[in-house]
Amino acid sequence: NDYAVTMDDFFARRSGQDYHFATAAALALRELGYSTRFVTGFFVRPKATPVSNSDVAIYKEDIHAWVEVEVGQGNWVPIEPTPAYP
């Protein structure tokens, strides 16, 4: 079960879920002195099914985790640490 993977397992296997990559990136950047935050939301795939001119269908499989890094003066930049995500 991938959801039971510990961070030690993640580092040993070098594979895991998006939240594993986001956690590792946030911790590594914090060790370098950056302020980070762990973010969750939805990844709207480029080929998402249109529902209307301005809406697309979102599914539970579209839940995603990434990291944001503070670059000063309250500005945050998203970082995508998970392989295979743009």
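Author: Let us begin with burial, where a residue is called buried under 20% relative accessible area, exposed over 50%, and partly exposed in between, using a 1.4 Å probe and protein chains only. By that criterion F10 is buried, at 5% relative accessibility. F10 belongs to helix α1, residues 7-13, and its C-alpha lies 7.0 Å from that of H20, at a sequence separation of 10 residues.

Reader: Before we continue, on what kind of coordinates and conventions do these values rest?

Author: This is a predicted model, in which local features need pLDDT of at least 70 and side-chain atom pairs count only at pLDDT 80 or more, while totals for chains, interfaces and linings use all residues. Residues are numbered from 1 along each chain as its sequence is written, and side-chain values use heavy atoms, with hydrogens and water left out.

Reader: How many helices and strands are in the chain, and how do the elements run from the N terminus on?

Author: Such elements are DSSP runs numbered from the N terminus, with helices (H or I) of at least four residues and strands (E) of at least two. Here the chain has 2 helices and 3 strands, and their order from the N terminus is α-α-β-β-β.

Reader: Which side chains meet in a salt bridge?

Author: The term requires a side-chain nitrogen of Lys or Arg within 4 Å of a carboxyl oxygen of Asp or Glu. The structure holds 1 salt bridge, formed by the side chains of E68 and R37 with an N to O distance of 2.7 Å. The pair joins distant parts of the chain, since E68 is in strand β2 (residues 63-72) and R37 in strand β1 (residues 36-42), 31 residues apart.

Reader: Where does T82 lie, and which residues does T82 touch?

Author: A contact means heavy atoms within 4.5 Å. T82 lies in the segment after β3 and, leaving aside residues up to four places away in sequence, touches D18, F21, H64 and A65. T82 is buried as well, with a relative accessible area of 7%.

Reader: And what of the loops: is K47 buried or exposed?

Author: K47, in the loop between β1 and β2, is exposed, with a relative accessible area of 81%. The C-alpha atoms of K47 and R30 are 34 Å apart in space, although the two residues are 17 apart in sequence. In the loop between β2 and β3 (75-79) we find Q73, which is exposed at 82% and has a phi near 55 degrees, a positive value in a residue other than glycine.

Reader: What radius of gyration does the chain have, beside that of a compact globule of 86 residues?

Author: The radius is taken over C-alpha atoms, and the globule rule is 2.2 Å times the number of residues to the power 0.38. The chain has 15 Å, whereas a compact globule of 86 residues would have a value near 12 Å. The C-alpha trace spans about 45 × 40 × 15 Å along its principal axes, and 27% of the 86 residues count as buried. Among contacts with a separation of 6 or more, 39% are between residues 24 or more positions apart.
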